[in-house]
Amino acid sequence: MNKTGAIGLKVTRFDYQKYEENFLAPYAVKSSQSRGRKHKEKEHEFRTAFQRDRDRIIHSTAFRRLEYKTQVFVNHEGDHYRTRLTHTLETSQIARTIGRALRLNEDLVEAIALAHDLGHGPFGHAGEWALSELMKNHGGFEHNVQTLRIVEELEDSYVDFPGLNLTFETLEGLKKHPERFYRRRAQRFRSLEADIVDLADEIAYSNHDLDDGLRSELLSEASLRDLHLWREAEKYIGNKYASFSSRTQKKRLTIRLMINRLATDVVEHSVKQIRRLGIRSLDDLQKTRPPVISLSDTGRRSLAELKRFLYQNLYQNYRVIRMTDKGQRFLKALFQIYLQKPEQLPPDALMRRKKEGIHRAICDYLAGMTDRFALDEYKRFFEPYERV
Ligand code: MG
């Protein structure tokens with residue numbers, strides 16, 4: 001902004017900060033009030049602190065690896081299924097929409113959303129169970145904790161510090177779920193921006209897993225009629241596009257409408273909660289216990305019903321179990337191979353043995369693998385004619 005108050009051809013960080021202060025809700029997190037980074041850095045000329053966090057996450061190695069990590073369907077099963085990367089992008093999209101509608105800090109929402117699954121190992125939750133079993137007596141494994149390890153320690157692109165040196169607010173937004181892992185590192189700062197990502201994550205995966213389930217024909221359309229959300233959306237689409245005959249497009253329209261209805265419900269119900277709980281500042285929010293970003297009772301019941309349905313009919317489907325169980329076998333075999341002779345690990349991974357112990361060094365190495373890399377590595381060890 002120039003001296004007359006008009007916006008010039010080039011905007012600076014100060015313009016964005018001013019925009020945040022003038023336009024965002026009083027309980028939104030403002031980048032100008034960030035508590036900063038662990039390792040002090042000069043601020044950027046035209047990016048705010050949270051925009052910079054988001055950019056660092058996108059440029060990280062762990063982010064690129066999401067492309068070849070499983071969501072539900074193992075990568076080589078088909079090109080149209082969601083991967084961790086597309087799941088992450090869909091989560092971010094939904095979360096930003098909700099955040100923007102509630103006048104919250106969209107950049108912070110985006111940074112947290114893009115990083116929220118960085119800690120997933122190969123082969124989705126099955127891979128996580130395998131690693132957590134292998135690490136049972138060595139500090140455990142949990143993907144949210146691993147996300148923090150990646151952004152605080154393991155990413156290795158900067159000269160002046162390990163990890164990505166993200167802001168305090170983004171890091172706090174990534175501290176989730178398992179209390180037992182955070183005894184010393186409980187969340188110290190609550191933001192609605194982080195709460196949005198949690199709910200957007202659930203909305204994203206429930207709907208896109210449903211879509212992938214239909215695409216793979218592991219789920220049938222007829223079985224969905226028991227679901228409140230599907231039934232309502234399908235009825236609406238059926239009436240609105242009565243003369244329209246493409247089944248596939250109707251299916252897609254139905255799922256899009258379901259996402260839209262859930263996201264709208266979150267926005268409307270969260271506004272009511274903000275009012276009801278009298279939240280007027282970030283300080284008020286720190287003292288509030290009940291969920292603020294939340295679905296109405298109907299919305300919550302519908303989403304819970306959908307999740308239950310997916311659990312019983314998709315995640316427990318014998319073909320999905322076969323896919324993921326196969327992945328677990330590779331991970332367990334690789335773990336034992338490295339443990340028996342750690343010198344088989346690449347030098348970078350082996351070096352961490354000194355600081356972390358051999359189990360954690362192997363676990364970090366395995367967790368960083370994509371599905372594809374883990375399968376290739378397995379072949380290198382077991383196929384006699386593979387080059388090592
Ligand atoms: Mg997720």
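**View 1. Arg 82, a buried residue, and its salt bridge with Glu 90.** Arg 82 is buried in this predicted model, with a relative accessible area of 14%, where buried means under 20% relative accessible area, exposed over 50% and partly exposed in between, calculated with a 1.4 Å probe and protein chains only. Its side chain meets that of Glu 90 in a salt bridge at 3.0 Å, N to O, a salt bridge being a side-chain nitrogen of Lys or Arg within 4 Å of a carboxyl oxygen of Asp or Glu. Glu 90, with a relative accessible area of 24%, is partly exposed. The model is predicted, so local features need pLDDT of at least 70 and side-chain atom pairs count only at pLDDT 80 or more, whereas totals for chains, interfaces and linings use all residues. Residues are numbered from 1 along each chain as its sequence is written, and side-chain values use heavy atoms, with hydrogens and water left out.

**View 2. The salt bridge between Arg 96 and Glu 110.** The closest N and O atoms of this pair are 3.7 Å apart. Arg 96 counts as partly exposed at 22% relative accessibility, whereas Glu 110 counts as buried at 11%. Both residues belong to a network of salt bridges whose members include Arg 47, Arg 54, Asp 55 and Arg 100.

**View 3. Glu 45 in a salt bridge with Lys 10.** Here the closest N and O atoms are 2.6 Å apart. Glu 45 is partly exposed, with a relative accessible area of 44%.

**View 4. Thr 70 and its polar contact with Asp 371.** Thr 70, found in the loop between α3 (61-65) and α4 (84-101), is buried, with a relative accessible area of 1%. A polar contact of 2.2 Å joins its side chain to that of Asp 371; such a contact is a pair of N or O atoms within 3.5 Å, of which, within protein, one must be able to donate a hydrogen and the other to accept it, and residues adjacent in sequence count only if both atoms are side-chain atoms.

Conventions:
Helices (H or I, at least four residues) and strands (E, at least two) are DSSP runs, numbered from the N terminus.
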